[in-house]
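Student: Hi! Could you walk me through this one?
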Amino acid sequence: MRILLLGAHGQLGRSLAPRLAVHGELLAPPRAELELTDLPALRQRLRALRPQLVVNAAAWTAVEQAEQEEAAAFAANAAAPGVLAEECAALGAWLLHYSTDYVFDGRLGRAYREDDACAPLNAYGRSKLAGERAVRAAGGRHLILRTSWLYSRHGHNSLLTMQRLLGERREVRVVADQFGCPTSCASLADASAALVARIVAGTPGPAGLYHASCAGAASWYELAEAIAADLRARGAPCAAVLPIAAADYPSAVHRPADSRLDCRALARDWGVRLPHWRTALAACLADPA
């Protein structure tokens with residue numbers, strides 16, 4: 001199968017590339033060769049490459065910057081996925097696209113299912129929700145995976161930021177009343193590869209929208225404490241972690257207070273489960289990369 005991976009050099013794309021390569025001919029052009037927001041060029045390139053599967057790991061992920069540059073966020077997160085979906089539908093190709101827990105407002109009081117009402121609180125969430133709708137409207141074979149709190153050993157993410165702060169300061173104040181599902185890029189990439197394996201084998205589950213995050217839930221404070229515990233166990237300098245309320249954390253962006261995702265549908269329909277977040281975090285921290 002010819003697989004086109006977009007965003008191959010981002011933190012998720014770096015985890016996806018080696019796992020996808022075992023399932024077919026992997027095409028992973030750099031951004032300089034395939035700019036996501038140049039829509040006419042994007043259409044032309046897809047028609048020339050004729051992939052059988054497109055995996056879209058490219059996105060605008062700068063949540064705070066999206067508040068000032070919402071049009072640019074929508075171009076990357078909504079318009080481009082719409083074009084990908086339309087071209088995949090015309091080619092008869094599958095599209096695997098990633099979305100976010102930020103499509104929810106966090107007020108439900110339980111883990112969100114795929115059919116729960118969306119009400120994003122910020123521009124990033126609005127752009128990702130628009131992207132979901134564009135992919136679904138194209139009518140082709142697709143998988144949309146909503147995930148949450150992604151981190152890895154590369155790029156810019158909560159893990160690397162917290163490790164840096166814990167090593168630089170005497171104390172770090174972390175929000176303790178926002179809850180979600182920390183998810184390692186490696187775990188999401190493993191799950192994605194399992195889905196791709198079924199598509200390549202001709203035994204896919206139902207197309208559509210699924211939640212795909214690590215099991216369990218944590219606050220940002222609990223995640224920070226787990227990262228701090230690893231530093232202490234290694235004998236590295238480590239600040240004290242102090243819990244604070246979200247109201248005491250200065251931010252230009254409203255974030256959902258409880259965006260836990262219910263991932264049972266993915267397990268039921270595709271037989272794919274992600275590990276508990278503590279297991280995934282430990283594996284990531286043990287990775288020498």
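Tutor: Happy to; we'll go from the overall fold to a few single residues.

Tutor: This is a predicted model, where local features need pLDDT of at least 70, side-chain atom pairs count only at pLDDT 80 or more, and totals for chains, interfaces and linings use all residues. Residues are numbered from 1 along each chain as its sequence is written, and side-chain values use heavy atoms, with hydrogens and water left out.

Student: Great. How many helices and strands are there in the protein?

Tutor: The protein has 10 helices and 12 strands. Helices (H or I, at least four residues) and strands (E, at least two) are DSSP runs, numbered from the N terminus. The radius of gyration is 19 Å, close to the 19 Å that the globule rule gives for 289 residues, so the protein is as compact as a globular protein of that length. That radius is taken over C-alpha atoms, and the rule is 2.2 Å times the number of residues to the power 0.38.

Student: And what does the C-alpha trace span along its principal axes?

Tutor: About 55 × 40 × 35 Å. Of the 289 residues, 49% are buried, where buried means under 20% relative accessible area, exposed over 50%, and partly exposed in between (1.4 Å probe, protein chains only).

Student: What share of the contacts comes from residues 24 or more positions apart?

Tutor: Among contacts with a separation of 6 or more, those residues account for 81%; a contact means heavy atoms within 4.5 Å.

Student: Is cysteine 185 buried or exposed?

Tutor: Cysteine 185 is buried, at 0% relative accessible area. Cysteine 88 counts as buried too, at 1% relative accessibility.

Student: Now helix 7. Where is serine 192, and what is it in contact with?

Tutor: Serine 192 sits in helix 7, which covers residues 185-201, and is buried with a relative accessible area of 0%. Leaving aside neighbours within four places in sequence, serine 192 is in contact with Leu16, Leu96, Tyr98 and Leu145.

Student: What about alanine 197, where is it found?

Tutor: Alanine 197 is in helix 7 as well, but counts as partly exposed at 27% relative accessibility. Alanine 197 and histidine 23 are 174 residues apart in sequence, and their C-alpha atoms are 6.7 Å apart in space.

Student: Last topic, backbone angles. What is phi of arginine 50?

Tutor: Near 50°, a positive value in a residue other than glycine. Arginine 50 lies in the loop between helix 2 (39-49) and strand 3, and is exposed with a relative accessible area of 53%.

Student: And what is phi of tryptophan 149?

Tutor: Tryptophan 149 also has a positive phi, near 50°. Tryptophan 149 is in the loop between strand 5 (142-147) and strand 6, and is buried, with a relative accessible area of 9%.
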